Amino acid sequence: MTIHNLYIFSRNGTLLYYSEWNRLNKSGITMEEEAKLMYGMLFSIKSFVSKISPLDPKEGFLYYKTSKYTLHYLETPSGLKFVLNTDNGAQNIRGLLQQLYSQVYLEYVVKNPLCQLNEPIQSELFKQKVDALIKHSQYF
Amino acid sequence: MKQQGLDSKADPTGEGVQSLFEYLHAEMVTYVLSKADNDKEEELSRLEWMGYSVGYRIIERLSREWSRFKDELDIIKFICTDFWSTLYHKQIDNLRTNHHGIYMLQDNEFRLLANIGSKGSKQYLRESPRLLAFSCGLLRGSLANLGAVSTVTAEISALPSCIFHIKVQRM
């Protein structure tokens with residue numbers, strides 16, 4: 001199993017954090033453009049899902065799958081968005097994303113008074129902890 | 001909508017209560033520094049003074065079950081164990097003294113620094129001292145109410161550990 005890369009977006013679409021572990025195919029555009037593209041797509045999917053859903057969509061968009069990879073999506077009530085690309089074998093990544101949010105983001109960004117919220121995350125400790133969590137997960 | 005109160009059921013770990021102090025402390029530091037025009041050092045002393053008042057009051061309650069302390073070292077020991085674990089949920093890791101009124105309290109994972117940098121991290125080293133001013137005052141205030149007039153300074157060599165130097169003034 002593989003985890004490819006991770007994006008964290010703020011409520012208003014700023015790319016807070018990006019990290020990659022196993023990415024063979026580069027997008028060929030700058031990171032800024034890629035982030036915009038990614039956020040735009042997520043935004044569209046979200047509104048698509050909530051409009052098209054025949055029932056109350058509850059949590060809404062959870063993931064999509066292509067022949068090669070799966071994109072997992074977690075949005076918190078505060079609008080923070082976690083996006084993780086894995087291969088198709090990985091099941092139940094939701095727990096991992098929740099962990100990323102509650103054990104890493106909350107602890108090392110929100111509780112760090114020297115970190116500005118809604119701006120790209122600079123903290124080295126945060127980077128380390130994300131890396132450790134992903135590498136130690138059973139999906140890596 | 002689900003109604004969630006801040007009772008123990010909704011918050012079994014007490015996360016809300018524990019982090020309340022951390023968040024408030026962070027805001028105090030930011031506020032005090034934002035008021036500073038030029039001399040940051042001067043502003044930190046206000047923070048230290050707040051700590052002093054809090055320490056002076058809080059020690060009344062924390063030490064109420066204790067009999068009187070034998071000597072100065074006894075007081076410091078109480079600070080290192082009971083006082084510290086009530087406030088920061090751990091004890092001081094290392095206590096050293098020259099037996100002439102100078103004490104060195106080392107905390108290898110100080111709570112207010114723990115989320116900022118890992119072992120040996122140099123990233124926020126320059127900004128970190130401002131997070132210690134309040135705690136210095138806290139120590140000075142509690143010692144003052146126990147009868148030991150002192151000066152307290154703090155030192156960070158590598159996050160997240162820090163050392164508090166206490167210098168008791170002998171009469």
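Trainee: Which backbone atom does the side chain of A:Ser123 reach?

Mentor: A polar contact is a pair of N or O atoms within 3.5 Å; within protein, one must be able to donate a hydrogen and the other to accept it, and residues adjacent in sequence count only if both atoms are side-chain atoms. The side chain of A:Ser123 reaches the backbone nitrogen of A:Phe126, at 3.2 Å. Please note that this is a predicted model, in which local features need pLDDT of at least 70 and side-chain atom pairs count only at pLDDT 80 or more, while totals for chains, interfaces and linings use all residues. Residues are numbered from 1 along each chain as its sequence is written, chains are lettered from A and ligands numbered from 1 in the order in which they are written, and side-chain values use heavy atoms, with hydrogens and water left out.

Trainee: Is A:Ser123 buried or exposed, and where is A:Ser123 found?

Mentor: A residue is called buried under 20% relative accessible area, exposed over 50% and partly exposed in between (1.4 Å probe, protein chains only). A:Ser123 counts as buried, at 0% relative accessibility. Helices (H or I, at least four residues) and strands (E, at least two) are DSSP runs, numbered from the N terminus. A:Ser123 belongs to the loop between H2 and helix H3 (124-136) of chain A.

Trainee: Which residues does A:Ser123 touch?

Mentor: Contact means heavy atoms within 4.5 Å. Not counting residues up to four places away in sequence, A:Ser123 touches A:Tyr108, A:Asn112 and A:Cys115, together with B:Ile116, B:Gln123 and B:Tyr124 of the other chain.

Trainee: How many residues of each chain are in contact with the other, and how much area do the chains bury between them?

Mentor: The size of an interface is often given as the accessible area lost when the parts come together. Buried area is the accessible area (1.4 Å probe) that two parts lose on being put together, summed over both. In this model 16 residues of chain B are in contact with 13 residues of chain A. The two chains bury about 1,200 Å² between them, 55% of it on carbon and sulfur atoms. B:Asn115, B:Gln123 and B:Tyr124 supply 42% of the area that chain B buries against chain A, more than any other three residues.

Trainee: How many residue pairs are in polar contact across the interface?

Mentor: The rule finds one such pair between chain B and chain A, with both residues at pLDDT 80 or more. On the side of chain B that touches chain A there are six nonpolar, six polar and four charged residues. In this scheme Ala, Val, Leu, Ile, Met, Phe, Trp, Tyr, Cys and Pro count as nonpolar, Asp, Glu, Lys and Arg as charged, and the others, Gly among them, as polar.

Trainee: Which parts of chain B does the salt bridge of B:Glu22 and B:Arg111 link?

Mentor: The closest N and O atoms of B:Glu22 and B:Arg111 are 2.8 Å apart. The pair joins distant parts of the chain, 89 residues apart: B:Glu22 lies in helix H1 (residues 15-35) and B:Arg111 in the loop between strand S2 (102-107) and helix H4 (133-145) of chain B. Both residues are buried.

A further salt bridge pairs B:Glu48 with B:Arg140 (2.9 Å, N to O). B:Glu48 is in helix H2 (residues 40-62) of chain B and B:Arg140 in helix H4 of chain B, 92 residues apart. Both B:Glu48 and B:Arg140 are buried.

In chain A, A:Arg94 forms a salt bridge with A:Glu59, the closest N and O atoms being 2.9 Å apart. A:Arg94 is partly exposed, with a relative accessible area of 22%, whereas A:Glu59 counts as exposed at 57%.

Trainee: How many residues of H4(B) are buried?

Mentor: In H4(B), 12 of the 13 residues are buried, including B:Phe134, B:Leu138 and B:Leu143. B:Leu143 is also one of the residues touched by B:Ile75, which lies in helix H3 (residues 72-88) of chain B. B:Ile75 is itself buried, with a relative accessible area of 7%.

How values were computed: A salt bridge is a side-chain nitrogen of Lys or Arg within 4 Å of a carboxyl oxygen of Asp or Glu.
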